[in-house]
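Here is a predicted model.

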Amino acid sequence: MSEYAAPIPVMVMVSGAGTNLGALIEAERAGRLGPGRISLVVSDNASAGALARAGAAGIATAVEAPGRGLPRTERREELSGRVLARAREGGIGFIILAGYLSVLTGEILRVYAGRIINLHPSLLPKFGGEGM
């Protein structure tokens with residue numbers, strides 16, 4: 001029996017093979033995520049291997065790909081809005097960006113302030129990407 005009253009739904013966001021996701025799944029199984037329970041894996045890439053990894057672990061998955069043809073700022077806002085809607089629908093308490101390559105912006109950052117963890121997919125600051 002857990003020492004926590006209820007599990008906290010966690011959404012993990014991915015873009016690639018899912019090695020970080022695999023480590024998170026193993027940590028959950030070993031009881032090292034505290035009250036966190038991975039309840040949804042969202043990818044910006046429909047062919048991400050992480051989706052298969054999540055499915056094999058019995059975790060719900062979804063794809064929210066960036067919109068095509070929109071200017072960068074609008075594309076980021078639109079994608080972030082769809083991700084926020086998914087999080088709200090799932091009652092998500094925490095978000096983990098596990099090698100997630102799209103940039104979130106806007107309201108989701110306010111709603112989940114202090115409840116988003118970013119596992120950056122490369123060495124910082126050397127490979128931080130645009131604006132780093």
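Q: What covers the buried residues of H1?
A: Helix H1 runs over residues 19–29, and its buried residues are Leu21, Gly22, Leu24, Ile25 and Ala27. In this predicted model, both strands and a helix take part in the cover. It includes S1, strand S2 (36–43), helix H2 (49–56), S4 and strand S5 (116–119).

Q: Which residue follows H1 with a positive phi?
A: The residue after the helix is a glycine with a phi near 80°. That residue is Gly31.

Q: Why are the buried residues of H3 on the same side of H3?
A: The buried residues of H3 are Leu79, Ser80, Val83, Leu84 and Ala87. An α-helix has 3.6 residues a turn, so residues three or four places apart point the same way.

Q: What is included in the cover over the buried residues of H3?
A: Helix H3 spans residues 72–89, with Leu79 and Val83 among its buried residues. Their cover includes strand S1 (8–14) and helix H4 (107–111).

Q: Is Gly91 buried, partly exposed or exposed?
A: Gly91 lies in the loop between H3 and strand S4 (94–98), and its phi is positive, about 60°. Its relative accessible area is 43%. Buried means under 20% and exposed means over 50%, so Gly91, at 43%, is partly exposed.

Key
Residues are numbered from 1 along each chain as its sequence is written. This is a predicted model: local features need pLDDT of at least 70, side-chain atom pairs count only at pLDDT 80 or more; totals for chains, interfaces and linings use all residues. Side-chain values use heavy atoms; hydrogens and water are left out. Helices (H or I, at least four residues) and strands (E, at least two) are DSSP runs, numbered from the N terminus. The expected span of a helix is 1.5 Å times one less than its number of residues. Buried means under 20% relative accessible area, exposed over 50%, partly exposed in between (1.4 Å probe, protein chains only). Contact means heavy atoms within 4.5 Å.
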